[in-house]
Amino acid sequence: MTEVLDPTKLLFDLHRGTEIAETFSGCLEPEAIAHRVTDGIVEQFDCAFARVWLLEPERTYLKLVASSGMYTRIDGRFARVPMGAYKVGKIAQNRVSFLSNHLADEPWVGDRDWAITNNIRGFAGYPLEIKGRVVGVLAAFSHQAMPPEFLEFLRMLCTIAAIAIDSAFKHQQEKQAWQSMSLSQTTVTEQALLSDRLAHILNSNRLTLVGTERMLSLTTDYVFLRAAEILNQIGGAYCRLIYSDLSISLEAIVAKTKTKIADPQTWLRSLFGELFLIVSSLGGSINIHATELQIAITIPFTKEANPLSERELEMMQLLTQGLRDRDIAQQLIISESTVKFHINNILSKLKARTRFQALHLAMVNGWI
């Protein structure tokens, strides 16, 4: 690309890109992240339409999971694309982006008349890649030529989206593993207690149980089991699992590390970074000692009373299905502005910045 970038426009585009990224911050559903990305590109940058395909588990096909703008259906001709087939499959297979501002002239376009009739000039296809591994493909189509600043923004957004989607996939896999483990038990008394599972993960490391154990939610279980895995990877820790009337805590002192740690607080924060948002959404906290290798994770037992009305709960149920505002409006036979009004009320009541944070809080508390 030979055009000179306009620093002011680039900064503005990157700012708008940050706003898009904030909409899926903390989201743990890959498809929901993809929808926020395509919606944001169309709304913020006036693209004709945008799509995201995600790589299926067997890594031989890409599945269309989000489409915004001119086309919103995800069950058409390109619903599943084999790796290496068509332009999307080639982008995923070769991990090489493709850019064109003369789409109708490209020899790989199957229907040039479609591009001409609909005045589709610009195309940008980027692999959603993390550490050399592709998780999907993003494609954006525009009526105007795509400026170089927009392409730089897309590159940045793809990096952020790939990280978020990959983290969401890992969360789903781990959640399914814990669910399978839980469902394999027939009664509450037969289920392995948290202390038993922690002791198994920590192997020879010391674990002390304080208080009387009780059944925990799947998400709370996940937090402490994942924390134990991280502590075990570090190389050794002395742990206390503490049950009080109001909360459950895991306190740990790292006994040894292979290398000397100059800044223990920053080091531990980076290791446990993935748990901070989950613990926060549960109303808990993660406290790290400023100078020693010590960490304490605390999650309260009590759940907040449901502050949402029946209409707001109905709205939340539809959001969990991945429906957009206009789809919800059609289904409930109300205006799109009314939908936005209810969602704004939900965000205010739950003190959530985004609807995805609100959904997570509602699911954690068992309201939906």
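**Burial, contacts and the wider fold**

D166 counts as buried, because its relative accessibility is 4% and the cut-off for buried is under 20%. The model is a predicted one. D166 sits in helix α5, which covers residues 148-183. Leaving out residues up to four places away in sequence, D166 touches I130, R133 and V135. One of these partners, R133, is a charged residue.

Apart from neighbours within four places in sequence, its contacts are L28, Y222 and I278. H171 and E274 are 103 residues apart in sequence, yet their C-alpha atoms are 9.6 Å apart in space.

Next, the core. The largest nonpolar core holds 57 residues. Helix α5 gives the most to this core, with 11 residues. F24, I41 and L128 have the most contacts inside the core. A second, separate core has 35 residues, including A237, C239, I278 and V279. I278, a member of that second core, is one of the residues that H171 contacts. In soluble globular proteins, nonpolar side chains tend to be buried together.

Not counting residues up to four places away in sequence, F24 touches I33, R36, V37, L157, I160, A161, A164 and F356. Among these partners, L157, I160, A161 and A164 fall within the residue range of α5.

R36 is in helix α2, residues 30-45. R36 counts as buried, because its relative accessibility is 17%. Beyond four places in sequence, R36 touches I20, T23, F24 and F356. F356 is in contact with R36 and also with F24. In sequence, R36 and R324 are 288 residues apart, while their C-alpha atoms are separated by 9.9 Å.

D46 is exposed, because its relative accessible area is 57%. The backbone stands out: phi of D46 is positive, about 55°, although the residue is not a glycine. R59 repeats the pattern in the loop between β1 and β2 (61-69). Phi of R59 is near 60°, again a positive value in a residue other than glycine. R59 is partly exposed, because its relative accessible area is 39%.

Back to buried positions. I201 lies in helix α6, residues 194-202. I201 is buried, because its relative accessible area is 15%. Not counting residues up to four places away in sequence, I201 touches L225, A228, E229 and N232. I201 and A227 are 26 residues apart in sequence and 9.9 Å apart between C-alpha atoms.

The axes of α10 (residues 310-320) and α12 (residues 336-350) come within 10 Å and cross at roughly 100°. The two helices are therefore roughly perpendicular to each other. On the α10 side, the contact uses R311, E312, M315, M316 and L319. On the α12 side, the contact uses V339, H342, I343, N345, I346, K349 and L350. By type, the residues of this contact are seven nonpolar, two polar and three charged.

Finally, the chain as a whole. The secondary structure comes to 13 helices and 11 strands. Of 368 residues, 45% count as buried. The accessible surface is about 19,200 Å², and carbon and sulfur atoms account for 52% of that area. Among contacts with a separation of 6 or more, 59% are between residues 24 or more positions apart. H171 with L28, Y222 and I278 gives examples of contacts over such separations.

How values were computed:
Residues are numbered from 1 along each chain as its sequence is written. This is a predicted model: local features need pLDDT of at least 70, side-chain atom pairs count only at pLDDT 80 or more; totals for chains, interfaces and linings use all residues. Side-chain values use heavy atoms; hydrogens and water are left out. Helices (H or I, at least four residues) and strands (E, at least two) are DSSP runs, numbered from the N terminus. Buried means under 20% relative accessible area, exposed over 50%, partly exposed in between (1.4 Å probe, protein chains only). Contact means heavy atoms within 4.5 Å. Accessible areas come from the Shrake-Rupley method with a 1.4 Å probe; for residues, only the protein chains shown count as cover. Axes are lines fitted to C-alpha atoms, for helices over the stretch in contact, and angles run from 0 to 180 degrees between N-to-C directions. Angles under 35 degrees count as roughly parallel, over 145 as roughly antiparallel, 65 to 115 as roughly perpendicular and the rest as oblique. A nonpolar core is a set of buried Ala, Val, Leu, Ile, Met, Phe, Trp, Tyr and Cys residues joined through side-chain atoms within 4.5 Å.
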